[in-house]
Amino acid sequence: MHSRSKGLKISLPNSKLLFVNAYLPNDPGNNNFDEMDLLNTLQDIQYLIDQVDESCAVIIMADLNTDFSRNSSFVQIVRNFFNENNLVTVWSKFDCAFTFYQERLVNRRTVVSKSKIDHFGVRADNLDLCLEATPLHLAENFSFHEPIFLKIKCSYKLEKSSVENKNSLPKKPQWYKASKDNLKNYSEDLKHLLQNTPIDSDALGCRDLHCQCSDHKDSLDNMCENVLGCVSDAVRHHIPVGNNSEAKVIPGWNDHIQPYKEASQFWKAVWVSAGRPLDCELHKVYKNCRNKYKYAIRKVNNLQSAMRKDKFLESLLENKVNDILQEIKKQRSPNTKCANVIDGKSNSVDIANHFKNIYSNIYNTHSDRAELDKFILENNNKIVQSDTQILDKITPELVKNIILNFKNDKNDPEFDWKSNALKHGVDSVAEPLCDLLRALISHGHIPHIFLVCSLVPIVKDSKESKLSSNNYRLIAITSLILKLFDHILIYLSGPNLKPSNFQYGFQKGLSTSMCTWTLNETINYFRNRDSPVFMCLMDLTKAFDLVKLSVLFRKLAQRVHPLLIRFLVFSYIHQECTVSWDGAHSTGFFIGNGVRQGAVLSPPLFNIYIDSLFYELSVSGVGCTINNQYFGCVGYADDIALIAPCRSALQKMINIAKTFFDEHGIKISTNPDIKKTKTKILVYGINCKIAPLLLGDKQLPNVKTWKHLGVTLNTDENPAHDMLSRCYELIGKFHALR
């Protein structure tokens, strides 16, 4: 479709509407001009109109650049188009003095141009649907074009949305507004409330690891609710509240801009009510006020920009790396506003349920519940009474240190007080939370308030369409108490969670750069010895979401204590998820496969899940080796690179990987269109054409260049490609700070 026109069709129970937004080229005002651009745009509008029947109301909202009082060839073409489609402008029914107003200085005289070139065009038989239309003369509008407004009659009565209006949303704690006195009073009140909270010492002190007492579990549920209820009460009493949707006021607006805005609006209203006289004192006063308003805005914006530059320069001079990174992140942060339409769904609740339908299918792809139940029984049989010693390692001091390392402003799906509440009250909550976690792990039980999970869709690629669900991935917002348990499990299991040396993802001291460096050095080693290198860069589709839980927990059981495994399995099979979108929530669903993206434990779990692939490859006898050390594969989360010195070896490695991922329920990214397949083959040191490498029966594309973890790889072995792309990226980031 032509970039000058877009269409939107809305189907309601009793009516259909087609909105066409168009921008026509400028009217040159003479009969000798190139008509092609104008005719192409009108042809596109015609195409949109032809897609609907006569019962559909057509509304063209356009800067037509056409004043129908003129008789130029341009206007005549547009007039004929309107007549052929039985269209009329709403200005034939409603009064409109002008929609375009421009003042120009010609020979030291002010020349004013006024015209009606912005229109709403409707079918003649739909004109009765138009109840009101007018240009809006706003003081804060600095454009030559006046905004135009149309009110139409619609027989469909919109029902009140199930999502509350943003302004009526409950106010939430705003921790950045809390003073030192607020925080001190919060901490003291929380301590007092917790000291007066009743506890069930029998349930809390029970160390029967196979206890089936329902009263104990009910009592633990109540104590968890009471402890976190104390946190909620203390927050409500002492922490300032606000609405996240409150408009952010530009610093200096009230002092430096608002007075000029009010003066400009006042004199504009006076001037308009006087009939818009020109070349008089009233007009000069209005123009003077409007110019002062413009200048005030520009002055404040320039001042803000200067302050940002000074702060950034100060951070550079004082080597404050964190401040520099925060400023860069702030400048580059994308617009977080939710799209209004996803895959044709336009209501927030409908969009949330649409994502729910998509991901409930994905999260229930594998039907291995029977295997999982079998594993649960086997794992429970491994638990013996002497295992209570693992509980003694969970201490208030450990809980306190973990909470203090939480990042600020981390959400909880059930409570609105965020991680700040636990951090500022850590001296009071560490011990009761420690006691509760010990008791819950001992009973293999988790209260429902900890099992609520909110899945939030986030954009994967800001350059792609935000209107397609394919460009989103879900991040899990889980209970802060489950996050606490994840950290405890990592602490207690320690080195047992470490994968093989072939994996670089999400491990302390390792990075994407080190992974790609290993890849490049392996290639260089073989190329320096005139040996070709065949490489496959594998891309996995929704790998984290398709993990088979029965297989994962069997592998994890070889590394983690069965008592902790029991608690973790319970958290997965009983967790209820909803999708959250712009304040709306979908209906709930349970998950049968996949690890929670965004959870601190998920990356180590995924590393363990695929770790045996690297072992299988290393003992397969194929792939690159250096001094009897295997370097035939490297991995960073779901990015896998296979390296071999010949084509046949790489084909065997691809076959091994495909068999492994098929057995583990993970899909390797392919596409019927070979050019769109994300799994790529790169061949170094061979210029002639080679036989294609296959993934099953699908041919993999052989490319000259591809990005691996952000680094550009090129088969001509010239590092300048990556260096130039990084230089351009760096220059772009610095320009973003200007």
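Helix 11 (residues 369–382) and helix 18 (residues 549–556) have axes that come within 8 Å and cross at roughly 25°. Because angles under 35 degrees count as roughly parallel, helix 11 is roughly parallel to helix 18. The model is predicted. This briefing covers the helix pair and then the domains.

**Helix pair**

- The crossing in which helix 11 passes helix 18 is left-handed.
- On the helix 11 side, the contact is made by Glu 371, Leu 372, Lys 374, Phe 375 and Glu 378.
- Helix 18 contributes Leu 549, Ser 550, Phe 553 and Arg 554 to this contact.
- By residue class, the contact of helix 11 with helix 18 divides into four nonpolar, one polar and four charged residues.

**Domain layout**

- The chain is divided into domain 1 (5–152), domain 2 (175–242 + 357–491), domain 3 (253–332) and domain 4 (499–548 + 598–736).
- Domain 2 is assigned as two segments, 175–242 and 357–491.
- Domain 4 is likewise given as two segments, 499–548 and 598–736.

**Domain 2 and domain 4**

- The centres of domain 2 and domain 4, taken over C-alpha atoms, are separated by 37 Å.
- Twelve residues from domain 2 and nine residues from domain 4 take part in the contact.
- Between them, domain 2 and domain 4 bury about 1000 Å², and 68% of this area is on carbon and sulfur atoms.
- Within domain 2, the residues that lose the most area to domain 4 are Ile 362, His 366 and Asp 486.
- Together, Ile 362, His 366 and Asp 486 make up 42% of what the domain 2 side buries.

Key. Residues are numbered from 1 along each chain as its sequence is written. This is a predicted model: local features need pLDDT of at least 70, side-chain atom pairs count only at pLDDT 80 or more; totals for chains, interfaces and linings use all residues. Side-chain values use heavy atoms; hydrogens and water are left out. Axes are lines fitted to C-alpha atoms, for helices over the stretch in contact, and angles run from 0 to 180 degrees between N-to-C directions. Helices (H or I, at least four residues) and strands (E, at least two) are DSSP runs, numbered from the N terminus. Angles under 35 degrees count as roughly parallel, over 145 as roughly antiparallel, 65 to 115 as roughly perpendicular and the rest as oblique. A crossing is left-handed if the near helix is turned anticlockwise from the far one by less than a right angle, and right-handed if clockwise. Contact means heavy atoms within 4.5 Å. Ala, Val, Leu, Ile, Met, Phe, Trp, Tyr, Cys and Pro count as nonpolar, Asp, Glu, Lys and Arg as charged, and the others, Gly among them, as polar. Domain bounds come from an automatic or database domain assignment. Buried area is the accessible area (1.4 Å probe) that two parts lose on being put together, summed over both.
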